[in-house]
Amino acid sequence: MEYTRLGSSGLKVSRVCLGMMSFGYSRAWQLGEDAAEPIVRRAAEAGITFFDTADMYSAGASEEITGTLLKKTFAKRDDYVLATKVYFPMGEGPNDRGLSRKHVLGAIDASLDRLGVDHVDLYQIHRWDPETPIEETMEALHDVVRSGRARYLGASSMYAWQFAKAQHVAEKNGWTKFVSMQNHYNLVYREEEREMLPLCLDQGVGVIPWSPLARGLLARSGETVRSGSDAYADELYDESDLAVVDVVRSVAEAKGLPPARVALAWLLGRPGVTAPIVGTTKLAQLEDAIAAVDVSLSADEVAALEAPYRPHAVSGHA
């Protein structure tokens with residue numbers, strides 16, 4: 001496994017991040033604690049030290065499983081980098097969601113309790129909150145860091161102007177800025193290359209893409225439990241993306257590799273990308289992610305993979 005800094009911060013992370021949304025009890029394809037344990041253990045054995053979850057995954061169950069398994073797998077808390085997120089509803093009340101000071105400060109305490117730790121390494125806003133002044137959110141997040149409950153701050157999918165505004169507000173007031181952007185980015189959705197990625201590169205912000213395999217589309221050889229019950233994937237991708245999938249399969253076949261390794265290798269080679277967040281429900285999927293770090297693509301292969309791309313409407317947050 002390779003390691004790199006998260007953007008221009010001093011935090012070192014593995015080049016593959018294990019996404020923990022696959023673990024929980026809300027959906028047919030999610031794994032419970034016992035089934036998830038071999039995957040987490042294998043990830044640690046391979047050198048993966050970066051783990052990403054969120055409070056809303058499986059209504060908090062993902063955080064509970066994540067905390068339990070990381071404690072069982074690693075000897076010390078400092079041996080791994082733990083990330084979680086805040087924004088989506090965690091209850092029926094009007095203040096049980098969003099990025100108000102009330103919800104942010106309450107959510108971090110609830111997440112730490114479920115995770116069974118006294119701090120997270122990376123605390124991320126899961127989306128932009130149009131109902132809360134960004135000044136209120138950034139000050140609350142700064143207080144989370146100052147209190148020791150989080151070491152760094154990150155953001156997730158939003159428009160580039162929103163991210164730039166948040167960073168400006170933090171800098172102007174002497175508050176903690178975001179060190180990472182977790183955005184929707186893969187071979188079939190590259191709209192982030194227009195504004196968000198250049199902004200992150202210019203500002204030294206690490207990019208940790210979600211859905212690096214387009215929710216399995218770029219790795220799929222047939223229908224899976226998730227692909228047959230994933231309505232969100234139907235919103236993000238359509239038949240026009242199959243041309244990209246065909247090229248991925250063609251390049252992979254020529255190299256004697258699974259398509260997932262080729263698609264992940266392309267993403268790992270993109271400027272500014274720190275670590276794709278890979279969700280797995282099978283050990284074979286994890287092995288593909290681990291092996292992708294060592295896959296090299298020629299300039300011709302990269303050009304072939306990128307050639308069939310067609311522009312998309314903004315998706316993943318709009």
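I counted the aromatic pairs and got six. My rule: rings of Phe, Tyr and Trp (its six-membered ring) pair if their centres lie within 6.5 Å; planes under 30 degrees apart are stacked, over 60 edge-to-face, the rest tilted. The model is predicted, so I note the limits: local features need pLDDT of at least 70, side-chain atom pairs count only at pLDDT 80 or more, and totals for chains, interfaces and linings use all residues. Residues are numbered from 1 along each chain as its sequence is written, and side-chain values use heavy atoms, without hydrogens and water.

Tyr87 and Phe88 came up as an edge-to-face pair, with 4.9 Å between centres and 75 degrees between planes. I checked burial (buried is under 20% relative accessible area, exposed over 50%, partly exposed in between; 1.4 Å probe, protein chains only). Tyr87 is buried at 19%. Phe88 is partly exposed at 23%.

Next I took Phe163 and Phe178, which are stacked at 5.8 Å centre to centre and 20 degrees between the planes. Phe163 sits in helix H5 (residues 160-173) and Phe178 in strand S8 (residues 178-182), 15 residues apart. Helices (H or I, at least four residues) and strands (E, at least two) are DSSP runs, numbered from the N terminus. Phe163 is buried at 1%, and Phe178 is buried at 3%.

I also found Phe51, Phe74 and Tyr80 linked into a cluster by ring pairs.

Last, the cysteines. I counted zero disulfides, taking one as a pair of cysteine sulfur atoms within 2.5 Å. The Cys17 sulfur is 16 Å from its closest cysteine sulfur, in Cys200, so a bond is ruled out by distance. Cys17 is buried at 0%; Cys200 is buried at 1%.
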